[in-house]
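Please look over the model shown here. The report goes from the overall fold to one helix pair and then to charged side-chain pairs.

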Amino acid sequence: MKIWSISLHNIKSKPLYTFLSVFILSLSIALLIGIQQLKNAFKNQIEHNVGNIDLVIGAKGSPLQLVLASVLHLDNPTGNISYEEAKKMGKHPMIQSAIPISYGDNYKGYRIVGTTKDYFGIYKAELEKGRYVSASMEVVLGATVAAQLHLNIGDTFLSSHGLVENSLDVHQDAITVVGILKPTQKVIDRLLITNLESIWDVHHHEEEEHEEHAAGHHDEHDVHHEEEKEITSLLVRFKSKRALLSMPRKINKDTNMQAALPAYELHKLQEYTSIGFKTISGIAYLILVISCLTIFTSLYKMVKERAFDLAILRTYGASSFQLIQMVLYEGLAIVITAFLLGFLFVKTVFFFTLISMQTNYQQDVLQALPFKDLLQIASLIFAMIIVSVVLAIYPIIKMNISTILSNEK
């Protein structure tokens with residue numbers, strides 16, 4: 001007896017019940033997979049990109065904003081700080097390394113970051129081809145930037161002022177691509193890395209174009225420019241974690257700068273966002289329960305309505321186990337179809353949503369969900385469906401063939 005073919009025939013004979021069961025179950029699966037993927041993307045952003053940065057020093061303002069802007073490059077900076085003061089701070093005996101970064105320009109929405117060669121070490125980034133920056137107006141591209149913008153070694157471009165793509169405030173100094181990094185799956189993939197001099201020169205030239213100077217005061221202006229060099233922030237790594245207890249408080253109290261702890265600030269952000277994740281997860285689990293009830297109702301109704309047909313099958317030699325198999329196969333067919341549809345739906349929605357938003361973070365959100373997480377979701381759904389099937393087959397277990405056949409006659 002072809003149990004599978006009978007199960008498929010039963011599914012086709014009740015299209016409305018089948019559609020509702022598959023639709024509701026696939027919706028709950030899509031929500032569960034989607035929210036888990038977003039949680040993983042957020043977690044990856046934090047864990048992979050904080051790296052060994054113990055402290056961020058920048059202008060006064062929101063410490064969370066400072067961390068998001070300087071570490072994850074997801075926000076606007078709180079302002080600029082004096083480069084001379086930052087260098088003095090970096091010489092503190094408790095500091096192992098202090099990496100300056102400066103930005104405020106972009107190319108087609110991707111941020112241009114001025115820094116030192118030590119910045120690559122934070123993300124263990126290596127060159128795929130070309131070389132590192134050695135002069136002003138040179139740039140090394142992150143892997144995502146090079147792939148998305150189709151730039152190669154030797155190409156030149158004009159940057160735009162601000163952190164959002166625009167064609168109204170374009171600098172006149174051409175920037176040359178000298179290197180391309182290997183993919184790291186970290187924030188540096190989405191950045192264009194240059195030296196601090198490039199950032200200063202671009203804005204210094206811009207200031208000169210808007211100001212009229214007397215020939216006799218030109219040297220004085222150059223000296224003034226030299227004294228007023230600024231950076232966005234300083235990425236600090238301590239020699240000992242004990243410095244975390246005293247140095248941030250001292251900087252915040254005794255200087256006009258602000259010290260923010262990336263791990264602490266991002267942990268707070270994770271706690272805030274977890275409320276939303278938990279809410280959506282709760283809704284997904286509620287829909288999952290409803291979908292399992294729908295499947296149970298459908299299977300139970302099928303067993304009750306086809307009691308006579310099932311009794312006939314028993315008289316022709318079908319065992320109770322085979323009848324139970326038939327119901328189980330129906331449930332599994334619905335679950336497998338719903339799981340595949342839910343999974344494909346999530347991938348499709350994320351892909352097209354991120355493209356339409358023109359965001360630079362596709363690599364984090366579109367990363368494959370770990371097999372362990374998929375297995376956990378699949379196991380939960382399978383367990384709930386098994387419970388639904390077990391409840392639905394109760395009439396088969398208690399089936400009295402003679403009574404059913406006599407009543408039907």
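What follows covers the fold, a helix packing and the salt bridges.

This is a predicted model, in which local features need pLDDT of at least 70, side-chain atom pairs count only at pLDDT 80 or more, and totals for chains, interfaces and linings use all residues. Residues are numbered from 1 along each chain as its sequence is written, and side-chain values use heavy atoms, with hydrogens and water left out.

**Fold**

The protein has 16 helices and 12 strands. These are DSSP runs, numbered from the N terminus (helices: H or I, at least four residues; strands: E, at least two). Of its 409 residues, 46% are buried. Buried means under 20% relative accessible area, exposed over 50%, and partly exposed in between (1.4 Å probe, protein chains only). Take the contacts between residues at least 6 apart in sequence: 80% of them join residues at least 24 apart. A contact here means heavy atoms within 4.5 Å.

**Helices α2 and α10**

Two packed helices are described by the angle between their axes and the distance between the axes. Helix α2 spans residues 15-50 and helix α10 spans residues 262-305; their axes come within 8 Å and cross at roughly 165°. α2 is therefore roughly antiparallel to α10. Angles under 35 degrees count as roughly parallel, over 145 as roughly antiparallel, 65 to 115 as roughly perpendicular, and the rest as oblique. Axes are lines fitted to C-alpha atoms, for helices over the stretch in contact, and angles run from 0 to 180 degrees between N-to-C directions.

**Salt bridges**

How many salt bridges does the structure hold? There are six. Each is a side-chain nitrogen of Lys or Arg within 4 Å of a carboxyl oxygen of Asp or Glu. The table lists some, including these.

| Pair | N to O distance |
|---|---|
| Glu84 and Lys87 | 3.5 Å |
| Arg131 and Glu138 | 2.8 Å |
| Lys250 and Asp254 | 3.3 Å |

Glu84 and Lys87 sit in helix α4 (residues 83-90), three residues apart, about one turn of the helix. Glu84 counts as partly exposed because its relative accessibility is 37%. Lys87 is partly exposed too, at 35%.

Lys250 and Asp254 lie in helix α9 (residues 243-254), four residues apart, about one turn of the helix. Both are exposed.

Arg131 is partly exposed, with a relative accessible area of 36%.
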